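Visitor: Hi! Could you walk me through this one while I look at it?
Guide: Happy to, let's have it on screen.
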Amino acid sequence: MTALLELKSVNARYGQLRVLHDVSLAVEEGQIVAVLGANGAGKTTTLRAISGTVRREGELRFAGRPLGRSGPETVARLGIAHVPEGRGTFSELTVWENLRLGATTRHGSSDDDFARVLRYFPWIEDRRGQQAGTLSGGEQQMLALARAFMQRPRLLLLDEPSLGLAPLLVTEIFRIVKELNEQEGLTVLVVEQNAHIALQVASHAYVLEVGRVALSGPSAELQEHESIRRSYLGY
Amino acid sequence: MEIARRLAQRPVLLVLAGGCVFLVVGSLDSSIFAQQTVAGLAQGAIFGSLALALVLIYRATEVINFAQGEMAMATTYVAFQLTKWGLSYWAAFAITLVVAFVFGTVVQLVFIRPVQQKSVIAVVIVTIGLFILIDGLVTWRFSAQLQFMPAPFGNSVYHVGSVAVSRQALGTLLVSVLSVILLGVLFRFTKLGLSMRAAALRPAAARLVGIRVDWMLAIGWGLAAVLGAVAGLMTEPTQFLQPTMMQSILLYAFAAAVLGGLESPVGAVVGGLALGVFLNLIGQYVGFVGAALQLPLAFAVLLGVLLVKPNGLFGRALVRRV
Amino acid sequence: MKAAALAVTAVVIAVLPFELSGYHQGLAASVAVYVIAILGLNIVTGYTGQISIGHGAFMAIGGYTTAIMSHDHHTSLLATLPLSLAITFVCGVLVGIPALRLSGVYLALATFALAVSVPQFALKFSKFTGGSNGIQTSKTVSHLWLYGVSWSCAAIALAAAWLILRGRTGRAFRAVRDSELAASASGVSLAIYKTLAFGISAAFAGVAGSLFVLATNGFAQPNEFGVFLSLTLLIGAAVAGLGSLWGVLAGAAFVALLPTVSQSVPLVGSAHGQDVAFGLAVILVMLLLPTGAAGLFVRIRTLRPNNADTTES
């Protein structure tokens, strides 16, 4: 069975600077896969390479189809939702308008989609008219997640959801991600610096170092791995 | 009272409210005042339409389209040609709006898109080049002599008490305000409008939700051209059709757009109306300001406002992150 | 290499007028006029980052100074040049002070307001300025004289610009452009350098304006200094690009010569061919060379073998 997402020997560069070297990874349908690594390891660039936000070479396949030179607009229509670094929320628009934007690629009525979103994020109902930029960091992250979910994607790319959030909120976010994965069958590729929680939620993980895949394997194994424990888990 | 509290929080609204009260009182007091106010509003509506076009494009691309006035003028000539070929005024009006939309999108695709990634100043220069080019082409095709179109609203004058108000002024006001409202509805309530707003605010994030930002920009230019066409068609009855007809209107539109705050569509319209009324009243009551000083006066107002509110009346104070 | 190119150019410019007819001498002189004006604009916009679409106004002030002083007080034409320089410098500083509060497009439009207003003031205060008919100097000059003086002034302007820009002032200007916050945190007084940039650039434009008036038979008229002049200067500065004095020559030549050259465009006829051709040329140049002539020169320089592109940024 082919994986939902496959990357083979992907390179990416910003101008003259090569950031990803020969990165290969695979995500099976229904999995949560984590990409770990220090700052500057190329984790964000990996997601950008998939969504077409950055130029890349190499083989990228989604549901068997090569992604070619598709830009972000096309990739979104293929069923990949990318929640970028900084969340990509439209701070000047209202909460509801942000959600509506998630439905851009959907045709027909999105009433069902709104209902589903409200099931996972009930607090949104009361805040519909609030300007998104005035939400707290945690709420904005959840709004970004909700917006991505509105797209009804097959694959969710999540970039550092824990960034700038208090531990309780981080746990909550990942709880929702896990719920979406289990209840809605949403495949997730999450990039995280917080290896601890990422390895708890994900079934598989890749560790990037300086733009290359240094390690990969089931989370349980990686959690026991000596260097992972030392560098990323702190014990 | 809620309204009083809201007004107190936003001094700009307070000033505008005070201005409106002043206008109403003055109009009730003097019929000349009332006439000048109405005429000023009609003139201001034209400034506002063109200013709104400028703001639309500025919000989407951070570019000041110097060719907006000439594009408006060119589309007015299209309407002229259509009437010459036998169409009624309003049929020509409708077709011209469609032509203007296509014109605007084509200009964006052909001239602006190739440069817009490279530098803002290059795009501005291209719009200046377009200004010159369009002016030259229209003058070549139609010559510089004055042309006349059938009057859209007729020449009748209504009398409300002792106040004489021309049908033309009312019609201009109505058409301009209607087009602005329609545009507002488009942006607020439709999916396309939301996508366009998102594309203008955060193009990168918009792409991630699947918005084709490039198409949104082209459509934005198309809509701006439609607004310009309305402004041009509403200007023609008073200025008559000649290649230079929109050049000073463009300048007033700049002043109105900046006055209102370049990021604010509401500001552009309010700025235009306010400017129109202000200039008319000053022209009437302050003899020193003759024809030559109207434009500098508009800009003096502009400069005055900018010194107090550097981002315009409705502009947001930008918080710069260090 | 550079010095040699400079010497050759200087010689060419010195010898050229004797090969040209009077009309062409005048044309060549106008290139020098634009060199000076565009140089000034480049200093305030390109190097200090303050966008100005209003330098036509400073040219107007300089031009009218020359015309009025010559007409009313019979001042020698050459003597009006330093006077015009001083007056426009002061005007530039005066404009620079309120400009401190504005930035970006708001500054651009505020300076645009200036460009629009100054000719209108000239119309209004016709007692001093001759109104729409303008005012003329008491003496006119030959094309050769004009050529000589213009290019001498251009040479001085180029030298002055080079000296200013390579020194401490130039570094301060560039610092202000690149990051006002960092500049002021490093002790660069924004107020002083920003107004200085305006003053210097206005002075350049003022001298250019004086020469401009001399080039048009000594006439200073409001419609010559209208909006279009400021837009032309902006075009010239954009075509010139940033960071290259040679680029300024290219930009000046472009705006000074192209409208006249394009008068002989077939098909469209001379009256309107000028506009159509010039407009198209401006668009094409920006499409092909968005960073101006200077950008082109940079690209040419980096293509040479001893400047191999091995940088990893």
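Guide: A definition to start with: two residues are in contact if their C-beta atoms, placed from the backbone, lie within 7 Å. Also, this is a predicted model.
Visitor: Okay, so how much of chain C's contacts with a separation of 6 or more comes from residues 24 or more positions apart?
Guide: Such pairs account for 77% of those contacts in chain C.
Visitor: And what is chain C built from, in helices and strands?
Guide: Chain C has 14 helices and 2 strands. Its radius of gyration is 20 Å, close to the 20 Å from the globule rule for 313 residues, so chain C is as compact as a globular protein of that length.
Visitor: What box do the C-alpha atoms of chain C fill?
Guide: Roughly 60 × 45 × 35 Å, taken along the principal axes. Of the 313 residues in chain C, 52% count as buried.
Visitor: Let's pick a residue. Is Val213(C) buried or exposed?
Guide: Val213(C) counts as buried, because there are 32 C-beta neighbours inside 10 Å and the cut-off for buried is 20 or more. You'll find Val213(C) in helix α10 (residues 190-215) of chain C.
Visitor: Which residues does Val213(C) touch, leaving out those up to four places away in sequence?
Guide: Gly63(C), Thr66(C), Ala67(C), Gly218(C), Phe219(C) and Ala220(C). Take Ala67(C): 146 residues separate Ala67(C) and Val213(C) along the chain, yet their C-alpha atoms are 7.3 Å apart.
Visitor: Switching to the contact between chains C and B: how many residues does each chain put in?
Guide: Chain C puts in 34 residues and chain B 37. On the chain C side, the elements giving two or more residues are α5 (104-124), α11 (227-240) and α13 (270-288).
Visitor: Which of those gives the most?
Guide: That's α5(C), with 12 residues. By type, the chain C side divides into 25 nonpolar, 6 polar and 3 charged residues.
Visitor: What does α5 of chain C meet over in chain B?
Guide: One partner is α13(B): the buried residues of α13(B) pack against α5 of chain C, together with α11 (247-260) and α12 (265-285) of chain B. Those buried residues include Leu295(B), Phe299(B), Leu302(B) and Leu306(B).
Visitor: How does the length of α13 in chain B compare with what its 15 residues should span?
Guide: At 1.5 Å a residue, helix α13 (residues 294-308) of chain B should span 21 Å, and its end C-alpha atoms are 22 Å apart, which agrees.
Visitor: What's the confidence like in chain B?
Guide: Chain B averages a pLDDT of 87, with 95% of the residues scoring at least 70. Where pLDDT is low, the predicted coordinates should not be read in detail.
Visitor: Last stop, chain A. What's the strand order in the open sheet?
Guide: The order is β2-β1-β4-β5, 4 strands with antiparallel pairing. The edges are β2 (17-27) and β5 (65-66) of chain A, each pairing on one side only.
Visitor: Which residue does Arg61(A) stand opposite?
Guide: Pro66(A) in β5(A). Strand β4 (residues 56-62) of chain A pairs with β5(A) over 2 bridges.

Terms used: Residues numbered from 1 in each chain as written. Chains lettered and ligands numbered in written order. Predicted model: local features only at pLDDT ≥ 70, side-chain atom pairs only at ≥ 80, totals over all residues. Rg over C-alpha atoms; globule rule 2.2 N^0.38 Å. Buried ≥ 20, exposed ≤ 12 C-beta atoms within 10 Å, placed from the backbone. pLDDT = per-residue confidence, 0-100. Nonpolar A, V, L, I, M, F, W, Y, C, P; charged D, E, K, R; others polar. Expected span 1.5 Å × (residues − 1). Pairing = 2+ DSSP bridges.
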